[in-house]
Amino acid sequence: MLLNSVIIVLREVLEAALMISVLLVLTRLLHANGRWLWRALLLGLAGAVFYGSQLEKISEFFDGVGQEIVNAGLQFFVFAALLVCTFLVTRSFRQSTERPRLLPAAMAWAVGVAVAREGSEILVYVSGFMQSDNFFANVSMGSAIGACIGFSTGVLLYYLLLMMPPGRSRFTAQVLIALIGAGMCAQATRLLIQADWLSVEGPLWDTSSLLSEYSTAGQLLYALIGYEASPSMIEVMVYVGSLLLMGVMFLSANAMDRGPAEATA
Amino acid sequence: MPKLIERKLIILFLVATVALPMVHAATPEIVLEIRNHLFEPDIIRIPANTKVKLVIFNLDSTPEEFESYELNREKVIMGGRKAVIFIGPLSAGEYPFFGEFNPQTAVGKVIVEDENDAAE
């Protein structure tokens, strides 16, 4: 029971922790203020309590697939916020004089909504054991350990990224944001398939014998880049499409401040 | 021109009213129960290359999460509630699933069979 809680909570915390680390690294590299994180966590906590308490009702929506649809919507929302982040971060790196006001807000929304979605699942899990005293102690202990490992992994990634030379650190962080975003879109797509809003044929490939989703590496890669051993065609297309969209954001932000003179030339 | 569009719309409507229920009727439904953190039945047999609708009733008072890496499925089912999960179309083989909140007891698998094998 203890070990199980560690794993469940770790899996949920890990995704958010990795995203927070990468966004904080970008904030740091831009010499911007990291205060947005507190707003994000507050939003996430409030959102998690609300979503968790309403999950029973939400699940009944759309003929019993409300949970999938709302979760997929939240995932796409986080992706949209990450697109905005990528655009503004790229622009800020080009023009260090200008500090877009929208950037902290976009980061706060991305993290806040991600925390709300994952936090609600932890709350639902822990609340299931509230009544039984003998389990509750184990479950809360396990959850705390899982959360700590998740946070530590995030801190580790943060310092690993900051230890690199600034140019490489920035590049790696921006690539990671793109991969995290694409992973979320693939997850959302999987939920729409589960709800039968999207139809699929069988999986495109199966790498579960190479890297199992049960393994630690598989879990870590799932949280970081949305690793999936047997994806369907549409998941792969959405994943690649999301990466391309992120690339377009990056390129257009870079092209913008070359100035009108160069653009007309 | 408008008449043509009108006719097209009527045809579309007719096709939709006939075809949609057929698609729906073609999706077989399998009912599962969760009781005392156990799946009942814990082995489900379905034909290959067919989409199947799983209807899972959680008869426990505590929430459970239906999870399967092989099926790529994941869904929280609150206590005393039911959930709908679509799986497939799948190729023949075994696809384990488990209740993530009680993985020691809540385990089961979907066995996907080729039509020929099932007939034998």
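Modeller: Let us start with a sheet in chain B, an open sheet of 4 strands in the order E2-E1-E4-E7, with mixed pairing. Strands (E, at least two residues) and helices (H or I, at least four residues) are DSSP runs, numbered from the N terminus. Two strands pair if DSSP finds at least two bridges between them. This is a predicted model, in which local features need pLDDT of at least 70 and side-chain atom pairs count only at pLDDT 80 or more, while totals for chains, interfaces and linings use all residues. Residues are numbered from 1 along each chain as its sequence is written, and chains are lettered from A and ligands numbered from 1 in the order in which they are written.

Biologist: Which strands stand at the edges of this sheet?

Modeller: Strand E2 (38-40) and strand E7 (82-87) of chain B do; each has a single partner strand, so one side of each is left without a neighbour in the sheet. Direction ignored, neighbouring strands of this sheet are turned by 25° against each other on average. Such angles are taken between axes, which are lines fitted to C-alpha atoms, for helices over the stretch in contact; angles run from 0 to 180 degrees between N-to-C directions.

Biologist: How is pairing between two strands to be read?

Modeller: Strands of a sheet pair through backbone hydrogen bonds, either parallel or antiparallel. Here, strand E4 (residues 52-58) of chain B and E7(B) run antiparallel and are joined by 6 bridges. Within this pair, Ile56(B) has Ala83(B) in E7(B) as its bridge partner.

Biologist: What is the order of the strands in the open sheet of 5 strands?

Modeller: The order is E3-E9-E8-E5-E6 (chain B), again an open sheet with mixed pairing. Strand E3 (43-47) and strand E6 (73-77) of chain B each have a single partner strand, so one side of each is left without a neighbour in the sheet. The twist averages 20° from one strand to the next.

Biologist: Please follow the pairs across this sheet.

Modeller: E3(B) and E9(B) pair in the parallel sense over 5 bridges, and Arg45(B) has Ile111(B) as its bridge partner in E9(B). E8(B) and strand E9 (residues 107-113) of chain B are antiparallel, with 6 bridges; Tyr95(B) is partnered there by Val110(B). Strand E5 (residues 64-68) and strand E8 (residues 93-99) of chain B are antiparallel over 2 bridges, and Phe66(B) stands opposite Gly99(B). Finally, 5 bridges join E5(B) to E6(B) in the antiparallel sense, with Ser68(B) opposite Arg73(B). The hairpin of E5(B) and E6(B) has 4 residues between the strands, and Asn72(B) takes a positive phi near 60° in it.

Biologist: How many residues of E6(B) are buried?

Modeller: A residue is buried if 20 or more other C-beta atoms lie within 10 Å of its own, exposed if 12 or fewer, and partly exposed in between, with C-beta atoms placed from the backbone. In E6(B), 5 of its 5 residues are buried. Arg73(B), Lys75(B) and Ile77(B) cover one side, and Glu74(B) and Val76(B) the other. Of the 120 residues of chain B, 35% count as buried.

Biologist: How are two packed helices described?

Modeller: Two packed helices are described by the angle between their axes and the distance between the axes. In chain A, the axes of H1(A) and H4(A) come within 9 Å and cross at roughly 170°. The two helices are therefore roughly antiparallel to each other; angles under 35 degrees count as roughly parallel, over 145 as roughly antiparallel, 65 to 115 as roughly perpendicular and the rest as oblique. Among the residues that make the contact are Ala16(A) and Met19(A) of H1(A) and Met107(A) and Ala110(A) of H4(A). Two residues are in contact if their C-beta atoms, placed from the backbone, lie within 7 Å.

Biologist: Where do nonpolar residues gather?

Modeller: In soluble globular proteins, nonpolar side chains tend to be buried together. A nonpolar core is a set of buried Ala, Val, Leu, Ile, Met, Phe, Trp, Tyr and Cys residues joined through C-beta atoms within 7 Å. The largest one here has 99 residues, and Met19(A) and Ala110(A) are among those with the most contacts inside it. H1(A) gives the largest share of this core, 16 residues.

Biologist: How many residues of chain A are in contact with chain B?

Modeller: There are 23, in contact with 20 residues of chain B. H2(A) supplies the largest share of that side of chain A, 5 residues.
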